[in-house]
Amino acid sequence: MADGTPKGLREPSLDGPFGPGIDRVDGRLKVTGHAPYAYEYQGAEYHGPEPLVGYIVPATIATGRVVSIDDAVASRAPGVRLVLTHANAPPQAPWGPLVAQDRFARAQPMLSDDRVRHYGDPVAFVVADTFEQARAAAMALVVHYESDTPQADLRRHLDQAKVLSKMDGGESPVSDVGDSAKAFAAAPVRVDLRYDTDYQNHAQMEPHASLAVWNGPKLTIWCSSQMVDSHQGGVAATLQMSKTNVRIVSRYIGGGFGGKLPYYADQILAALAAKRLDHPVKVALTRQQMFHVTSHRTQTFQHLQLGADHDGALQSMNHEAWVQTARYDNFVENVAQPTRGLYASPNITTLHKVAKLDLPRSDSMRAPGDAPGSLGLECAMDELAERLGMDPVALRLKNDTMVHPTSHQPYTTRKLADCLKAGAAQFGWERRPTRPGTVRDGEWLIGYGMASAYRGNMLRDASAEVTLGADGVLVVRLAMTDIGTGTYTVLTQIAAESTGLPVEKVRVLMGDTAFPPTAGSGGSFGAETSGSAVFRACEALRDRLAEAAVGDARSPLHGADMTRIAFEGGRISSGDAGEELGALAGRISPDGVTAQGKVSKAEKPQGKAEASFGAHFAEVGVNMVTGEVRMRRMVGVFSVARVLNAKTLRSQLLGGMIWGLSSALIEGNEVDVRQGFFANHDLANYHVPIQADVGEVEVTVLAESDPAVNPIGVKGAGELGICGSGAAVVNAVYNATGVRMRSFPITPDKLLPHLPPVLSV
Ligand code: MOS
């Protein structure tokens with residue numbers, strides 16, 4: 001075993017036992033419709049009376065107040081049980097605190113006053129016997145507003161944006177190393193560029209939904225949550241009750257992407273109404289409501305100044321970003337994060353300015369900060385390479401660094417250069433047209449582009465409990481969630497491998513605050529954080545089992561050497577002597593043997609920087625007649641330390657790459673700035689890539705061992721794929737056309753006017 005490989009796990013490898021990837025352990029449940037999602041717990045886990053159904057009435061103004069709500073018709077409509085408004089909603093805690101340890105556990109009162117804070121802010125909640133009755137009655141409510149003029153156009157309010165001194169989580173909004181202004185002025189080769197990226201919405205397949213059930217003082221909410229422990233805290237704070245009386249359950253989640261890190265109106269309104277009616281209440285957001293009642297990724301405006309020597313060595317980097325946050329919130333999309341850590345430069349300044357606008361809240365979406373920020377940085381690097389007359393891969397290799405240039409901490413491992421070289425070879429980068437706009441295929445212009453991928457690695461707190469039964473089945477319990485990433489599967493693998501049980505003998509139970517707390521799914525820290533806790537619990541279990549066997553006169557291992565005990569094939573053994581784990585567990589206790597494990601964020605390596613790396617290569621065709629851009633093929637090469645499951649890992653990286661492509665070419669929310677709403681708030685008008693939009697995508701993962709980062713040597717992967725992939729596509733568009741587009745997505749209407757006239761095809 002290599003140095004630092006934790007006992008119980010095989011060496012990191014692509015073709016080891018985790019390498020080829022096992023199928024999802026929940027795959028059959030999901031495809032047969034037996035995995036309950038948020039709106040489907042009736043009959044699965046909830047067996048009480050038929051729940052009443054709620055319908056949220058969202059505000060149709062951006063800012064102002066509710067003057068009156070006439071519910072004369074609605075409240076007498078068939079089946080209606082309750083019309084909840086600010087006039088009759090129970091008292092709740094005030095919103096906040098603004099700066100909290102955990103912003104996903106803040107109090108978020110609903111219908112607590114007459115203020116409308118954004119379009120979609122709930123102004124009423126109608127509960128009836130059926131969904132149709134609730135919806136019909138909701139339509140019959142007559143709401144009168146006093147509307148103020150919204151400020152909803154980020155582009156027009158850039159100069160009122162401010163640096164927020166206090167924000168939750170994440171890094172500081174400012175960083176400053178050296179004197180980037182002076183170094184920029186002195187640099188012989190410079191680029192000074194502005195980019196913008198669009199608003200985005202998570203558009204998960206599964207809508208946000210809740211079923212709230214009270215049992216005396218105890219409240220259970222079945223819902224769709226990335227972080228059940230945070231939401232337990234948030235719901236308890238809002239309803240001013242003890243956390244121990246709130247249980248949040250979220251077993252299966254049809255997509256999170258950060259849009260289920262916060263909790264929203266459905267949890268609170270269902271709970272309030274169920275309490276008032278003394279009857280369970282369920283509610284789901286409609287697809288259209290998901291765009292305004294939840295959160296989104298902010299539009300960004302970015303200013304980048306890069307200065308380099310003639311040989312390409314960066315001397316100065318300045319990355320300034322303007323982002324939106326809700327009037328009442330303080331979330332900052334940390335756009336310039338990649339500029340802080342990706343390339344060596346003695347002078348680096350980053351700055352984020354936030355405009356508080358009358359729009360729904362911006363919050364995390366897959367690779368918050370890094371996703372839009374890498375579009376800016378990696379396009380600017382391409383422009384700098386051209387100014388230098390340098391190959392874009394060579395420019396990145398020139399500025400590779402093993403030390404984080406802003407924190408000055410060494411990286412635990414950093415395989416960016418390997419990813420760049422392997423990707424270039426695999427893609428055939430040497431065939432890149434050196435002069436832009438020179439390769440044609442009929443009416444298509446063909447081009448190649450590339451970009452680096454970079455995403456910081458995080459460890460959070462988590463705990464887990466494992467119980468081995470007399471039947472030889474290991475049950476793992478923790479309040480983790482699986483947002484579709486494959487968490488059930490990789491935790492099953494970790495538990496199986498570290499106890500020597502076959503995966504069929506492991507049952508992972510999650511998504512329930514009744515289990516030991518974890519930080520949940522977010523920030524790509526899920527697998528490593530919860531995986532470390534499960535691994536530790538299994539270690540503790542092995543120790544208990546080994547001690548019990550050695551000390552038990554009935555065990556064939558009685559008196560054996562503790563250091564020579566092995567766990568394999570569902571057995572505990574020492575040399576030729578051994579027994580089934582279930583038999584041993586059954587003798588120790590008829591209820592099985594339980595052990596706990598936990599990991600803390602304080603265990604992250606001190607004085608070190610940690611990140612995952614990669615490189616993207618893209619070939620596009622640009623249609624000279626229509627202006628449409630087609631991604632023909634992409635290659636992504638990544639290093640993420642230990643591979644837990646090559647299949648689920650590939651899916652994560654592939655999905656991220658496609659989202660990057662989408663950000664570059666397809667996806668964006670259009671704000672109606674007069675009314676502060678997203679005009680394209682449905683899936684007919686909010687475009688995401690479909691199969692026909694995606695060419696051939698190859699994902700390669702390099703073997704890498706990084707035992708320092710956490711007990712299982714695993715680094716985050718879920719958000720890495722989106723970082724830089726959009727820039728690779730944009731840079732390919734330039735290489736194809738000779739046109740620099742700096743406003744994303746590059747839709748045909750933006751690109752077409754810049755394309756050369758088609759003389760012949
Ligand atoms: Mo992620 S944006 O932390 O779910």
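The legends below describe close-up views of a predicted model. Local features need pLDDT of at least 70, side-chain atom pairs count only at pLDDT 80 or more, and totals for chains, interfaces and linings use all residues. Residues are numbered from 1 along each chain as its sequence is written, and side-chain values use heavy atoms, with hydrogens and water left out.

**View 1. An open sheet of 3 antiparallel strands, in the order 21-22-23.** Strands are DSSP E runs of at least two residues and helices are H or I runs of at least four, numbered from the N terminus; two strands pair if DSSP finds at least two bridges between them. Strand 21 (566-568) and strand 23 (577-580) are the edge strands, each pairing on one side only.

**View 2. Pairing of strand 22 with strand 23 and the packing of helix 14.** Strand 22 (residues 571-574) is antiparallel to strand 23 over 4 bridges; Arg 571 has Glu 580 of strand 23 as its bridge partner. Helix 14 (residues 581-588) packs on the sheet and touches strand 21, strand 22 and strand 23, where contact means heavy atoms within 4.5 Å.

**View 3. Residues lining the largest cavity.** A cavity is a set of points, on a 1 Å grid over the protein atoms alone, where a 1.4 Å probe fits but cannot get out; lining residues have an atom within 4 Å of a point. Of the 16 lining residues, Met 110, Arg 117, His 118, Val 293 and Tyr 328 lie nearest the centre of the largest cavity.

**View 4. Residues lining the second largest cavity.** Its lining comprises 14 residues, with Thr 197, Gln 200, Pro 372, Leu 375 and Ser 663 nearest the centre. Helix 9 (370-388) and helix 15 (646-665) each give two or more residues to this lining; helix 9 supplies the largest share, 3 residues.

Key. Axes are lines fitted to C-alpha atoms, for helices over the stretch in contact, and angles run from 0 to 180 degrees between N-to-C directions. On a 1 Å grid over the protein atoms alone, a cavity is a set of points where a 1.4 Å probe fits but cannot get out, and a pocket is an open set with protein on both sides within 12 Å along at least five of seven lines; lining residues have an atom within 4 Å of a point.
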